Amino acid sequence: MRIRASVWKAPGEPGAVETVDLDPPNTGEVQVKIAAAGVCHSDYHLALGHFGKHRFPTVLGHEGAGVVEAVGPGVTSVSRGDRVSFNFIPSCGQCRQCLRGKPNLCEPGSAAAFGGKMLDGGYRMKLGDGTPLQQFLAIG
């Protein structure tokens, strides 16, 4: 699927809205049509390169809400058409924090989210030439 995303290709340079390729949701993931999104001070620091030059190209914007358009395998908590807001720490359901009932502290989820990847270590968006796009806090 082709979508439009706010892409930053290098630290300190202006971002641009570009058409990019989006993969369908994987196991445990949902695809959301964005109704509203925010770019906050954390995004600003990433755009300036304060979190490292290895974080590019990336898509910013991790605060938002929208409507579920598609669900990946194993998703039972939401359905197509549901209105949702974002949580920027995905939870694996298996680490010690998740098992303690603290999915907001999920260790693999935090590593993925702050590393620009999805929980499975992959990417869901690509530039037209196939270059993977990192997603800030696993949302972008």
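Predicted model: local features only at pLDDT ≥ 70, side-chain atom pairs only at ≥ 80, totals over all residues.
Which residue has its backbone oxygen 3.3 Å from a polar atom of the side chain of T58?

Let us begin with the barrel. Five strands form a closed barrel, in the order β1-β2-β7-β8-β4, and the pairing in this barrel is mixed.

Take β1 and β2. Strand β1 covers residues 2–8 and strand β2 covers residues 16–22. These two strands are antiparallel to each other, and six bridges join them.

Now go on to β7, which is made of residues 125–126. β2 pairs with β7 in the antiparallel sense as well, here over two bridges.

T58 belongs to strand β4, residues 58–59, and β4 is one of the strands of the barrel.

Is T58 buried or exposed? Its relative accessibility is 0%, so T58 counts as buried. The cut-off for buried is under 20%.

What does T58 touch, leaving out residues up to four places away in sequence? The list is S6, V7, W8, L46, L133, Q134, Q135 and F136. S6, V7 and W8 fall within residues 2–8, the span of β1.

Back to the opening question. The residue is Q134: its backbone oxygen lies 3.3 Å from a polar atom of the T58 side chain. Q134 is also among the residues that T58 touches.

Conventions. Residues numbered from 1 in each chain as written. Heavy atoms only, no water. Pairing = 2+ DSSP bridges. Helix = DSSP H or I, 4+ residues; strand = E, 2+ residues; numbered from the N terminus. Buried < 20%, exposed > 50% of the residue type's maximum accessible area, 1.4 Å probe, protein only. Polar contact = N/O pair within 3.5 Å; in protein donor to acceptor, adjacent residues only side chain to side chain. Contact = heavy atoms within 4.5 Å.
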